[in-house]
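This report examines selected packing features of one protein model. The sequence and structure are shown below.

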Amino acid sequence: MSAPAEVPEIVSSTLDLSRQRGFITSIRNETGRLLAALAASRTGTLAELGTGCGVGSAWLSSGAPKDARIVSAELDPALAEDVQKIFAETPNVDVIAGDWSTLEQYAPFSLLFVDVREVMEAIDVFADLLEPGGIVVLDDFEPSAFWPPIVEGRVDTIRERWLTDDRFAAVEMLIDVDASLIIATRR
């Protein structure tokens, strides 16, 4: 492991909520550390689509400059309220109860973390939500040794589209032997 095993306190709080809620699909620490590193280079508004228990937002917050704003959307109002309580002492983080489209009003984004597979198809919408040079991180891909990428015997058209769209400079990164993500920068 190339990073310390410890995680920031705010991340620990969200991981505790994940365990209490039985939410086992939080992002990996490797992805979180990448988000924190990318957030450290950003200004303006950063966003997360798919708050869950707030782990992604916590990693963004742990790296982002204090004057950057972080907004996140969660469909479950009760869960959004629990996560907002964790960030009560973090004035630059807002957790909104609603679907991902409720965040459009906060655009343009300098960094956008998308952890909801179903909305990754909205590449045209995301391209319009990012400022020039803005970065989108798409999580939860299964590595593929083939091109076009094949998963469960089918072409992964979402991944293929993100990696070939001329509006983005994009790369797929292996996070673990069984997980990858895409980083795409808006041209």
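How are α1 and α3 oriented relative to each other?

## Packing of α1 and α3

The model discussed here is predicted. Helix α1, residues 9–21, packs with helix α3, residues 55–63, at an angle of about 175 degrees. Angles over 145 degrees count as roughly antiparallel, and α1 and α3 are therefore roughly antiparallel to each other. Their axes are 8 Å apart.

On the α1 side, the contact is made by Ile10, Val11, Thr14, Leu15 and Ser18. Val55, Ala58 and Trp59 contribute from α3. By class, this contact of α1 with α3 has 6 nonpolar and 2 polar residues, with no charged residues.

## The buried side of α6

Helix α6 spans residues 157–164, and Ile158, Arg159 and Trp162 are buried in this helix. These residues cover an arc of only 95 degrees around the axis, which puts them on the same side of α6. An α-helix has 3.6 residues a turn, so residues three or four places apart point the same way.

The cover over the buried residues of α6 includes helix α5 (123–129) and the strands β5 (130–141), β6 (150–151), β8 and β9 (179–186).

## Phe168 in strand β8

Strand β8 comprises residues 168–176 and contains Phe168. Phe168 is buried, with a relative accessible area of 3%. Leaving aside neighbours within four places in sequence, Phe168 is in contact with Ile123, Ala127, Leu130, Val136, Trp162, Ala184, Thr185, Arg186 and Arg187.

Val151 is 17 residues from Phe168 in sequence, and the two are 23 Å apart in space, C-alpha to C-alpha.

Note on methods. Residues are numbered from 1 along each chain as its sequence is written. This is a predicted model: local features need pLDDT of at least 70, side-chain atom pairs count only at pLDDT 80 or more; totals for chains, interfaces and linings use all residues. Side-chain values use heavy atoms; hydrogens and water are left out. Helices (H or I, at least four residues) and strands (E, at least two) are DSSP runs, numbered from the N terminus. Buried means under 20% relative accessible area, exposed over 50%, partly exposed in between (1.4 Å probe, protein chains only). Contact means heavy atoms within 4.5 Å. Axes are lines fitted to C-alpha atoms, for helices over the stretch in contact, and angles run from 0 to 180 degrees between N-to-C directions. Angles under 35 degrees count as roughly parallel, over 145 as roughly antiparallel, 65 to 115 as roughly perpendicular and the rest as oblique. Ala, Val, Leu, Ile, Met, Phe, Trp, Tyr, Cys and Pro count as nonpolar, Asp, Glu, Lys and Arg as charged, and the others, Gly among them, as polar. The arc is that of the directions from the helix axis to the C-beta atoms.
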